[in-house]
Amino acid sequence: MDINKVKVENETADSEAIDLEELENVSGGYEMRDPGIWWEMRFTFTSEEAKKLKEQGFSIEANKEYCRSDLNRILGLDASTAREMQYYLAYMGL
């Protein structure tokens, strides 16, 4: 197996191997940003992800930055870390 290739799957394309350098150009998936030691992790959602959450009854705007505590309040969660929030979001299909 070539360690410089990664298998990528999505809903619209068949599985294919791409170079690791090309992986940075793959779109999709919410973005997480750590603004520093005294701040909470920030999350930004694509329009497709915001649509998925709205279909589940949650009011989330695309391309707006949300901190973890905001998402806990909006989504009715109790994630105490960014990792826990990732698990919840994965469960919600993101």
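This is a predicted model: local features need pLDDT of at least 70, side-chain atom pairs count only at pLDDT 80 or more; totals for chains, interfaces and linings use all residues.
Asparagine 72 is buried, with a relative accessible area of 13%. Leaving aside residues up to four places away in sequence, asparagine 72 touches Leu77, Asp78, Ala79 and Met85.

Now for the aromatics. The count comes to one aromatic pair. It's made by phenylalanine 45 and tyrosine 66, with ring centres 6.3 Å apart and planes at 55°, so the pair is tilted. That label follows because only planes under 30 degrees apart count as stacked and those over 60 as edge-to-face. The pair links distant parts of the chain, 21 residues apart: phenylalanine 45 is in the loop between strand 4 (42-44) and helix 2 (47-55), while tyrosine 66 belongs to strand 5 (residues 65-67).

| Residue | Relative accessibility | Class |
|---|---|---|
| Phenylalanine 45 | 1% | buried |
| Tyrosine 66 | 4% | buried |
| Asparagine 72 | 13% | buried |

On to helix 2. Which of its residues are buried? Glu49, Ala50 and Leu53 are the ones. Looking down the axis of helix 2, these buried residues fall within an arc of 100°, so they line one face of the helix. The cover over them includes strand 4 and helix 3. After helix 2 comes glycine 57, with a positive phi near 95°.

Note on methods. Residues are numbered from 1 along each chain as its sequence is written. Side-chain values use heavy atoms; hydrogens and water are left out. Rings of Phe, Tyr and Trp (its six-membered ring) pair if their centres lie within 6.5 Å; planes under 30 degrees apart count as stacked, over 60 as edge-to-face and the rest as tilted. Helices (H or I, at least four residues) and strands (E, at least two) are DSSP runs, numbered from the N terminus. Buried means under 20% relative accessible area, exposed over 50%, partly exposed in between (1.4 Å probe, protein chains only). Contact means heavy atoms within 4.5 Å. The arc is that of the directions from the helix axis to the C-beta atoms.
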